[in-house]
Amino acid sequence: MFKHFKGDLFGGITAGIVALPLALAFGVSSGLGPSAGLYGAIFISFFAALFGGTNTQISGPTAPMTAVSMVIIGGILAVHDGDVNKALPIILAVFLLSGLMQIGLGLIGLGKYIKYIPYPVVSGFMTAIGVIILVTQILPAVGYYPKEDTEYVNQFKAAAEEEILENILKEEAGEGILVLEDFEETIRRANQITPEDMQKEAKTLAAKDASGVVGTIKVLPRALQNIEWLELGLALATIFIIYGFKRITTAVPSTLVALIVVSGLAYGLGWDYRPIEKIPEGLPILQMDIFTQFKLSSLTPYIFTALTLSLLGAIDSLLTSVVADNMTQTKHKPNKELVGQGIGNSIAAVFGGIPGAGATIRTVVNINSGGKTRLSGMIAGLLLLVILLALGPVASQIPAAVLAGILVTVGIGVMDYKGLKAIPYLPKDMKVGPIKLSSEVIVMLVVLVLSSVWNLVYAVGIGLVIASLMFMKKIGDLTATRSDVKPLKEQPWADEKDFPQKLREEVFIKHIKGPLFFGSTSDFQQLAEQIPPTASNVVIRMDRMQYMDQSGLYAMEDVLQDLRKKDIHVMLVGILDQPKYMMERIDIIPDLIPRENIFEDFDSCLVWIQENVKDMDT
C-alpha cells in the first residue's frame, strides 16, 4: 500500500481540498447543516477507500445522493414539526439502513448487475438532480428565507392551529384517551398552546410549502421583491470565480479559490452577511439516539426509500469506478466496492453524516495528482478531519450565499447534456397523440419531470418500469418478426414434399419457427382462420420452437380448446423439452393432446395419417 506513498499523498490532499467546499455545500443543501456534509465526507472517504474495490476512488457526498437525502430529510422533518433534534434519530437510522443494504447488495453479488439500469433512466435522473439543485438554490442565493418572511409565515397561522390540534388528538389517541369521554382534557391541552408554538408551527409549514422545485417557483415572486443584494452579489461573485478561474489554470481547484476569496473578502471587510450554521468543534460524536430514541415501526415506511438511496449510491459509485478503470487501466471489484461504500455510509450515519458515493471529479483529481492506491482516499478523509478540528470556527464564518453559488455551478455541471443533445437524433419509434417521439426520450422526460416536480424515488421506479415494458415490446416485436407463427400461407418443409396430394384438403400442417411468447401469441391465436374448411386434422410442427413462455402456453391452450370444439383432430410433432414441460404442467398433455397424438418426427406422424385419415372425396 505504501509503495506509491508520495503519489497517494499528493492525490489524497488535492482530492480532500476539492471535497471541502462541496462537502460543506451539500451539508447545507441537505438540511442537516455543513457539519453533516463534512462528517459524511470524512467517514465515507476513509472507510469506502479502506474496504472498497476501486483503488483510486474518492468517495463522499455527491449531488445525486444529496438531492435524494434532501427529499428524505424534508419528509421526515415535516412529520416531526420541523424539529431537527426530534427528527435526527430517524433520519440517521434511514441513512444507516441504506448503508447496511449496500453492504447486503455487495455480499449477494448484485454489483455486476447495476450496469443493466437503462441509460434514459440515469440520464433523466441526473438532469433532474441538476434542475432541483439549481432551482432550490435560487432562494439562498438572493438571501430570501421563507421562514423569516413574517408576512408569508402569517398566511399559515390558521393551518398551524389546525395542525397543532390534530397532533393533540393523535397524542390522546396514542394514550388511549377518548375525546368524547374526556373532552375537558382536550380543552386543557389546547389552552396550553402559546403564540410561540403557533409561530413555530407556522414557520415549519411555510418552509415546507416553499421547499422543492414547485415550492421555490411558488415563492419566487416574493423572493424577487425581497432580494438581499449583498447575498446575491456574493453568490454571483462565487459563480464568476469558479468559471473564470478555470480559464486561467486547473492546477488549483476553482471552487476552493472562490470559497476562500469571496469568504475572506466578506469577512475581512466586515460585511453584514448571513453565515452558515456553526460547525461543532472537536471530534464527531457518536449519535447513540439512533439506537435508543425510535421504534422499529417508525422505520418501516422508509424501507423502500432506504433501498432506493442504496441503489442510487451503488450506481453512482460503480459509474465512477468505470471512469477510474479507464484512466488507470485497472479493473475494479464491483461487489467489494459496494461493501466498502455501505460500510462508509453506515459509519457516517452513526456519526451524523449525510450519505455519499464515489465522486467522479474528486476521483479524477486524485488520479491526475498521482493517487494509485486506496491510501489516497484514506488520506483525503484524514485531511478533512484535520481541517474540521483545526479550522472549524473559521469555516463557520463562510457566507451561506457562497455555498449557494457553489451549488448553482454543481447543478449546472451535473446535468446530462449528452443525453439532452441526443433527443432530436434518436429514432422516433413511438407515437404519443399526434407527436412521434423516441421511446428512450419518453423515458428520460418522464423521469426528469416526475423527479423535478414530484418525488425522486418514485420517479426512478416508474422510469424503470416504463423502460422495461418498452424493452420487452421491442424485443417482442423483433423476435416476432423472426418467429414463423403468423397467419401467412404455409410453405412445406423438406420432409413434407412426399405428403400425399389426396390428403392435403383433410390435413392442415402448421409450422412454428421460433419461440411462442407474449410478442407472438396474437398471431398464433389466428390459427383457426388459416385452417381450410375441409380440414379435419391439424398437425402442429414444433421442431423449431425452442421456448414457450406463460403467455404462449395459454395461447396454445386456447387454440387447442377451440379446435377440439370444432372436432378437429390435433397432432404435435417434434415437441422439444421446455415446451413439453410447460404443457404438461397445466395438463394440456394429456388432457387436450393425448400422448398417442404426439410424434417425435414427421415421418412417424405421416405413417399415422396414412393409416387413419381418409380422402373424403373418394
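Helices (H or I, at least four residues) and strands (E, at least two) are DSSP runs, numbered from the N terminus. The model described here is predicted; local features need pLDDT of at least 70 and side-chain atom pairs count only at pLDDT 80 or more, while totals for chains, interfaces and linings use all residues. Residues are numbered from 1 along each chain as its sequence is written, and side-chain values use heavy atoms, with hydrogens and water left out.

The protein chain contains 29 helices and eight strands. Of its 618 residues, 51% count as buried, where buried means under 20% relative accessible area, exposed over 50%, and partly exposed in between (1.4 Å probe, protein chains only). Among contacts (heavy atoms within 4.5 Å) between residues at least 6 apart in sequence, 82% join residues at least 24 apart.

Four strands form an open sheet in the order E5-E6-E7-E8, with parallel pairing; two strands pair if DSSP finds at least two bridges between them. Strand E5 (507-513) and strand E8 (598-599) are the edge strands, each with a single partner, so one side of each has no neighbour in the sheet. Strand E6 (residues 537-544) and E7 run parallel and are joined by five bridges. Within this pair, Asn-537 stands opposite His-569 in E7. Helix H29 (residues 602-612) lies across E5, E6, E7 and E8 and runs at about 155° to E7. Axes are lines fitted to C-alpha atoms, for helices over the stretch in contact, and angles run from 0 to 180 degrees between N-to-C directions.

Backbone geometry was examined next. Most residues other than glycine have a negative phi, and most peptide bonds are trans. Asp-567, in the loop between helix H26 (550-565) and strand E7 (569-573), has a positive phi, near 60°. Asp-567 counts as exposed because its relative accessibility is 67%. A positive phi, near 65°, is also found at Asp-587, which lies in the loop between helix H27 (577-585) and H28. With a relative accessibility of 39%, Asp-587 counts as partly exposed. The peptide bond from Ile-589 to Pro-590 is cis, with omega near 15°; Pro-590 is placed in helix H28 (residues 588-592).

Leu-165 is located in helix H8 (residues 157-174). Its relative accessibility of 35% makes Leu-165 partly exposed. The C-alpha atom of Leu-165 is separated by 9.2 Å from that of Ile-193, 28 residues apart along the chain.

A search of the whole structure finds one cavity of 30 Å³ or more. On a 1 Å grid over the protein atoms alone, a cavity is a set of points where a 1.4 Å probe fits but cannot get out, and lining residues have an atom within 4 Å of a point. Grid points are joined across faces, edges and corners, and a volume is the space filled by probe spheres set on the points. The volume of the largest cavity is about 30 Å³. Its lining consists of Leu-20, Leu-24, Leu-38, Ile-279, Ile-387, Leu-388, Leu-391, Gly-392 and Ala-395. Helix H1 (5-30) and helix H19 (375-395) are the elements that give two or more residues to this lining, and the largest share, five residues, comes from H19. By class, the lining has eight nonpolar, one polar and no charged residues, with Ala, Val, Leu, Ile, Met, Phe, Trp, Tyr, Cys and Pro counted as nonpolar, Asp, Glu, Lys and Arg as charged, and the others, Gly among them, as polar.

Note on methods. 1 Å grid on protein atoms, 1.4 Å probe; cavity = no way out; pocket = protein on both sides within 12 Å on 5 of 7 lines; lining within 4 Å.
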